[in-house]
Amino acid sequence: MRIGELADRAGVSTRALRYYEEQLLLSPQRTAGGQRFYPEAAVDRVRLIQQLYTAGLGSRLIVALLPAIDARVVGPELLDRLLHERARIEAKTAELQAASRRLNVLIELATHPDTEPCPASLDPDPSGARRASAPRRGAGDDVEPSRFGGDPAYGASSGGLRPEGSPRPPEKG
């Protein structure tokens with residue numbers, strides 16, 4: 001099959017297929033006129049390459065891995081590289097999960113404002129209690145209020161984080 005048909009069937013662009021060829025991930029045959037020609041098995045190969053990229057593996061590792069997948073044998077050096085990649089991906093996943101938890105705290109503060117100042121940290125408190133707020137700045141400090149509300153020490157007016165345009169909660173006594 002020609003490059004356009006493979007691209008359509010595998011769900012990738014022709015540019016991606018040319019890149020795979022440059023990276024030695026895919027080896028098309030050539031017609032007498034120099035056009036690329038791919039066997040039927042190339043559809044599955046391209047889908048596998050896509051899955052490996054999606055798993056976070058780079059081209060160099062995929063080039064080393066494809067023959068091992070074909071042989072159904074992974075040597076100790078390649079296994080070590082795969083274990084290292086898995087650890088890297090798991091660490092990145094943990095970082096992203098922590099970022100998601102911080103965004104959840106920010107969204108909670110924005111959608112349920114109260115009269116407490118913004119917390120000093122967006123890291124959620126495992127006990128469910130609000131984190132202690134940051135110390136307030138001294139009187140006379142010129143701080144431009146932010147649209148979120150919160151502690152003037154962080155460029156915000158009092159009243160906790162709130163969505164723009166929502167009414168400000170009453171000031172404390």
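**Salt bridges in a predicted model**

Visitor: How many salt bridges does a search of the whole structure find?
Guide: The model is a predicted one. A pair counts when a side-chain nitrogen of Lys or Arg lies within 4 Å of a carboxyl oxygen of Asp or Glu. Searching the whole structure for such pairs gives a total of eight.

Visitor: Arg30 forms a salt bridge with Glu21; is Arg30 buried or partly exposed?
Guide: The closest N and O atoms of Arg30 and Glu21 are 3.0 Å apart. Glu21 has a relative accessible area of 19%, and because buried means under 20%, it is buried. Arg30 has 45% relative accessibility, so Arg30 counts as partly exposed.

Visitor: Which residue forms a salt bridge with Asp70?
Guide: The closest N and O atoms of the pair are 2.5 Å apart. Asp70 lies in helix 4 (residues 59–71) and its partner in helix 3, 25 residues apart, so the pair links distant parts of the chain. The partner is Arg45.

Visitor: How many residues apart in sequence are the parts that Arg9 and Glu40 tie together?
Guide: Arg9 forms a salt bridge with Glu40, and their closest N and O atoms are 2.2 Å apart. Arg9 lies in helix 1 (residues 3–10), whereas Glu40 lies in the loop between strand 2 (36–37) and helix 3 (42–54). The parts tied together are therefore separated in sequence by 31 residues.

Visitor: Which residues do salt bridges that share partners join into one network?
Guide: Arg9, at 34% relative accessibility, is partly exposed. Arg9 forms a salt bridge with Glu40. Through shared partners, the residues joined into one network are Glu5, Arg9 and Glu40.

Terms used:
Residues numbered from 1 in each chain as written. Predicted model: local features only at pLDDT ≥ 70, side-chain atom pairs only at ≥ 80, totals over all residues. Heavy atoms only, no water. Helix = DSSP H or I, 4+ residues; strand = E, 2+ residues; numbered from the N terminus. Buried < 20%, exposed > 50% of the residue type's maximum accessible area, 1.4 Å probe, protein only.
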